[in-house]
Amino acid sequence: NHAFCDSSMVRFTDFTLSNDGIVSETYTFADGSPSVSSPTGPFNVSHFYNKPGTWLATLSVVTNAGCNETYTDTVRTWQTPHPVISVTSAFCAGLVTFAGNLTTAIVDPITWAWDFGSGKTSKDQNPSVNLPAGNYTVKLQTSVPFGCKADTTSVITIHPLPEIKGPHLIETPVGIPVTLPFTYSGGVNNWVWTPTDHLDCSDCANPVATLVFNQSYQVTVTDSNSCKASDTIMVKTICNDKNYFIPNTFSPNGDGVNDYFYPRGSNLYNIQSLRVFNRWGQLVFERRNFPANAATMGWDGTFNGHPAPMDAYVYIAEVICNNAQVVALHGDVTLVR
């Protein structure tokens, strides 16, 4: 057997022995090229094999008496696999996926040997490797079992991931619009927010959220290098003095202005209780479970069916906001006539 890479000139030497004389000898090379014959023998020939394959070269001999004999030898032409490097993922820090290919497909088993220029190697055809941002000279060598091999290199730049800066938690009054306060590194040109519920936009840098209940959002950004990054933010709704208001004076004189003492505000579910006490601790007014902003459900300034005197009174109230938060309030209110 004879083997080589890609192409070779093979010399065939004839060692035929005969005591009957030889009338013809014919070499057949099996690679599609013409056979070579001679009316006498022995004789030697050279033949150039220039394509891959396994060839059964034969020498046929015919003697004067018409006896035939054939000798076969194997010639194996291995094809050198010439590699091509490509990157099938974005050129971004993190997991980078490479693809190994050949300039010409071959049927022989291929051995792949990657060197990523970072101290990391692989023997997979299509490896994935974690690379930080930077410049790398990537080398790929391919070979077949006989040993025919070739290599190629590619210089690549791995870009850093975009940066997202901002808090992981913010608080906002119930139902009050709040801007999600993220900032971004240069080159970011695409934003995707999920979920999209209660946002004024889902593809902008800083959407405005209007929430009743707590909500977590995630933003995924892409920059001009097609690199992506994600971050999350929790928006917690709280019921505070931007949601409710209780006046510190009222004038129940029947003029239609500030005649009732009652809690009011926005995004309030109801008033669980409102109690008013005079300076001696007597309960002069109490009402439970009534709507917010309902003036006539508040205290009208009377006690036991008679106008209460001008004075400072103490109130205790419990309001329930739309996010189901219960807020206990207390303070003084002055009755003015």
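The model described here is predicted.

The largest pocket holds about 410 Å³ of space. Its lining is made up of 25 residues, and Thr13, Asp14, Thr16, Leu59 and Tyr71 are those nearest the pocket centre. Two or more lining residues come from each of β2 (8-12), β3 (22-28), β6 (53-63) and β7 (68-78). Of these, β7 provides the largest share of the lining, six residues. Sorted by class, the lining of the largest pocket consists of eleven nonpolar, ten polar and four charged residues.

Nonpolar side chains in soluble globular proteins tend to be buried together. In this model, the largest nonpolar core has 25 residues, and the members that touch the most others are Phe261, Val276, Trp299 and Tyr313. The elements contributing two or more residues to this core are β26 (268-277), β27 (283-290), β30 (311-321) and β31 (326-335). The greatest contribution to the core, five residues, is that of β30.

The surroundings of Val276 can be listed in detail. Leaving aside residues up to four places away in sequence, Val276 is in contact with Phe261, Gln282, Leu283, Val284, Phe285, Trp299, Tyr313, Val314 and Tyr315.

Conventions
Residues numbered from 1 in each chain as written. Predicted model: local features only at pLDDT ≥ 70, side-chain atom pairs only at ≥ 80, totals over all residues. Heavy atoms only, no water. Core = buried A, V, L, I, M, F, W, Y, C linked by side-chain atoms within 4.5 Å. Buried < 20%, exposed > 50% of the residue type's maximum accessible area, 1.4 Å probe, protein only. Helix = DSSP H or I, 4+ residues; strand = E, 2+ residues; numbered from the N terminus. Contact = heavy atoms within 4.5 Å. 1 Å grid on protein atoms, 1.4 Å probe; cavity = no way out; pocket = protein on both sides within 12 Å on 5 of 7 lines; lining within 4 Å. Points joined across faces, edges and corners; volume = space filled by probe spheres on them. Nonpolar A, V, L, I, M, F, W, Y, C, P; charged D, E, K, R; others polar.
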